[in-house]
Amino acid sequence: MNENENKSKNENKNKYLNMNELHEHLIIPRLRNIQEEHGYVSMKSMRELAESLSLPLMKIREVATFYTFFNTDTNTDTNKKAVGKLHIQMCTNIACWLAGAHQLLHSLENKLSIKSGETTTDNLFTISEVECLAACGTAPAMQVNETYVENLTEEKIMKLIDLWREEMKTNGVATLDGCCISTTTGGTSS
Amino acid sequence: MIKMSVIEPILTKYIGKKDYLSIKKVLNEMNPADVIQDVKKSNLRGRGGAGFPTGIKWSVMPVIPKEESKEKSNKEITPITLRYLVCNADEGEPGTFKDRFIIGKMPHLLIEGMLIAAYAIGARVGYIYIRGEFASEYRILKNAIEEAYQENYLGENVFSKFLNTNKNFSFDLHLYRGAGAYICGEETALLNSLEGKRGEPRIKPPYPAKFGAFGKSTCINNVETLATVPAIINIGAEKYAKYGTAKSGGTRLFSLSGHIQNPGVYEFPLSIKLKDLINHCGGVKDGKKLKAVIPGGGSAPILTAEEIDTLDLGVDYDSLAAAGTMAGSGGIILLDETTCIVEAASVLLKFYEHESCGQCSQCREGSHWLARLFHRIEKGEAEMKELDLIEHICSNMSMQTICAFADAVVGPARSSIKKFRSEFEEHIRIKCCPFKKQKEVSHVL
Ligand SMILES: Cc1cc2nc3c(=O)[nH]c(=O)nc-3n(C[C@H](O)[C@H](O)[C@H](O)COP(=O)(O)O)c2cc1C
Ligand code: FES
């Protein structure tokens, strides 16, 4: 994706905002672009963003460190580094927990030999726990990068991991949309 | 799929449709005051959580000064007349997934609802604040908005081809993606986030109607609330109201999850009883016995199966409030007899601990300590006096903070102990979780 496309992607055309309002309003969309492109938000990119929006660096930093979507290297938690190619985010909130998400998380950790919050040494997978994904009707659910995978079973997860690993080794990318992944949006898929 | 029973579908009949009949009717036949009057008559209440009557929310938007509004189109907007309509699509309440459903299946209904609302309150510009995780819903909505612009349903002088009056109305709609923070569902935190700030709730007053997005007068409504408006115009306010109770009009989308036989999103009239609603969704999963229900998303105080039976509880806002809980977001989570209530509450409290924005000390510290204490009890490491400590913490949190988040934390904490105290005491007495112990025993046998 080229720079221009990237910039216009999440941006708004509200012509009633003054310059300062507009620049602040653009912080989160721009940070999202940086996060999506690099897998994390470095101090360097925050400095560049501050400059391009003519805002103090502090404004950018206080926003970047507030939202869980951004991995900043000013954060002290385990996600210091960029996440792996596939970021597996397992919901462990109430409905998914009732449907056995904790056991699934455990098997997933065993399968990849890492703990939640860590990245595999080959940089392919990161596991983390997330909060309710609004997929409770199709629990247990997880989000892999941007894609929802719902109605999880242990078997399904194991198969998908093998498949994705294979694909990433041969093609460099994993196909996230496909027959095995629910593409329905909300509701049950009866 | 949506399973409708009891009555004809009101909202869900728009699945997959691009209708826009109601907005045409509104623009041709009604003035803004008529629309507000209709919404008042429909007894529509906010579907986001607080259940505030929508018609009243719209009518408290400050009046646009006469000279400014005089027969002009709203194209000639001035700083005084600029106001915003914001749609809250940050759905994150545990156990709630109906907004995601609406956006995925009926994006045009939401756009139409926003057009009608904007016309009623005189907003020239609108925002949809969509939860950061919703990637495919974002794309669906983005496409729908582009389509609407192409067909002149959004933008300058909308629907000009269809209007037989010389009225003109303009409305621009922007999408804005969140970045992972439950608290941004709280309306003033959402506004801060929209402006590009940390998602911290604001002290109220001033309310958003006076001082909202970018300091302008703003009306914030939930996705479902807005999507319901075209349906009300379509079937008529009185008829819509009749599906509900005296003070909670119409139908509502319920998200059914947990130990329910057929989970999913359902549309039910608000006059239905909770017991019947559960039966319509197939009852408790695998024929097990019901233990408890969380009736309005994770923040709603828990109800026991006996309460639901003996009180013959309805699902409307007032019945649930009278029973000491709340209708909240309409997320109904069933817990069957095999569920450990201590662990269930502990799972919820861990979530709240993570999501407190940290502004108010009562909430920041309280949610942390509650999560720790519940975890200790579940593990069998706690002492009996800690139950009183929990109550002490709860009373220091409730109604003491800038926003209602702290009360959302107190909801599951306080109610679970109040209603299942013996289960908590057993954990402490036998120094472990009786449910896990049972499983281990049956495993050995
Ligand atoms: C902690 C907290 C989280 C909330 N989350 C949401 C949410 O995700 N979606 C929503 O529509 N309302 C949410 N609300 C309620 C909003 O503050 C607000 O009342 C609602 O968007 C108003 O719309 P309505 O009148 O149409 O219901 C939340 C409130 C609180 C206190
Ligand atoms: S609890 Fe997991 S998606 Fe809602």
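I take helices (H or I, at least four residues) and strands (E, at least two) as DSSP runs, numbered from the N terminus. With that in hand I looked up B:Arg429, which is found in helix H18 (residues 421-430) of chain B.

**Conventions.** I note that this is a predicted model, in which local features need pLDDT of at least 70 and side-chain atom pairs count only at pLDDT 80 or more, while totals for chains, interfaces and linings use all residues. Residues are numbered from 1 along each chain as its sequence is written, chains are lettered from A and ligands numbered from 1 in the order in which they are written, and side-chain values use heavy atoms, with hydrogens and water left out.

**B:Arg429, continued.** For burial I use relative accessible area: buried means under 20%, exposed over 50%, partly exposed in between (1.4 Å probe, protein chains only). B:Arg429 counts as exposed because its relative accessible area is 55%.

**Ligand 1.** I count a residue as near a molecule if one of its heavy atoms lies within 4 Å of it. The shell around ligand 1 holds 18 residues, of which B:Gly48, B:Lys57, B:Asn88, B:Asn222 and B:Thr225 come nearest. I sorted the shell by residue type and found four nonpolar, eight polar and six charged residues. In this sorting Ala, Val, Leu, Ile, Met, Phe, Trp, Tyr, Cys and Pro count as nonpolar, Asp, Glu, Lys and Arg as charged, and the others, Gly among them, as polar. Strand S4 (residues 217-222) of chain B supplies the largest share of the shell, three residues.

I then looked for polar contacts (pairs of N or O atoms within 3.5 Å; within protein, one must be able to donate a hydrogen and the other to accept it, and residues adjacent in sequence count only if both atoms are side-chain atoms). An oxygen atom of ligand 1 lies 2.9 Å from a polar side-chain atom of B:Lys57. The side chain of B:Asn88 places an N or O atom 2.9 Å from an oxygen atom of the ligand. Taken alone, ligand 1 exposes 620 Å², and the protein buries 90% of that. Accessible areas come from the Shrake-Rupley method with a 1.4 Å probe; for residues, only the protein chains shown count as cover.

Which residues does B:Asn222 touch, leaving aside neighbours within four places in sequence? Taking contact as heavy atoms within 4.5 Å, I list B:Arg47, B:Gly48, B:Cys87, B:Asn88, B:Lys98 and B:Asp99. B:Asn222 lies in strand S4 and counts as buried because its relative accessible area is 8%. Its side chain makes a polar contact of 3.1 Å with that of B:Lys98.

I find B:Asn221 in strand S4 as well, and B:Asn221 is buried at a relative accessible area of 3%. Beyond four places in sequence, the contacts of B:Asn221 include B:Lys57, B:Trp58 and B:Asn88.

**Nonpolar cores.** A nonpolar core is a set of buried Ala, Val, Leu, Ile, Met, Phe, Trp, Tyr and Cys residues joined through side-chain atoms within 4.5 Å. The largest has 84 residues, and A:Leu31, A:Tyr67, B:Tyr84, B:Tyr127, B:Leu335, B:Leu370 and B:Phe374 touch the most other members. Helix H14 (residues 341-355) of chain B gives the largest share of this core, nine residues. Apart from it lies another core, of 79 residues, including A:Ala135 and B:Met61.

**Chain A.** I count eight helices and four strands in chain A. Of its 190 residues, 55% are buried.

**Backbone exceptions.** Most residues other than glycine have a negative phi, and most peptide bonds are trans. I record a cis peptide bond between A:Ala139 and A:Pro140, with omega about -5 degrees. Another cis peptide bond joins B:Lys204 and B:Pro205, omega about -5 degrees. B:Phe214 has a positive phi, near 50 degrees, and is buried at 8% relative accessibility. B:Met399 has a positive phi of about 60 degrees, and B:Met399 is exposed, with a relative accessible area of 69%.
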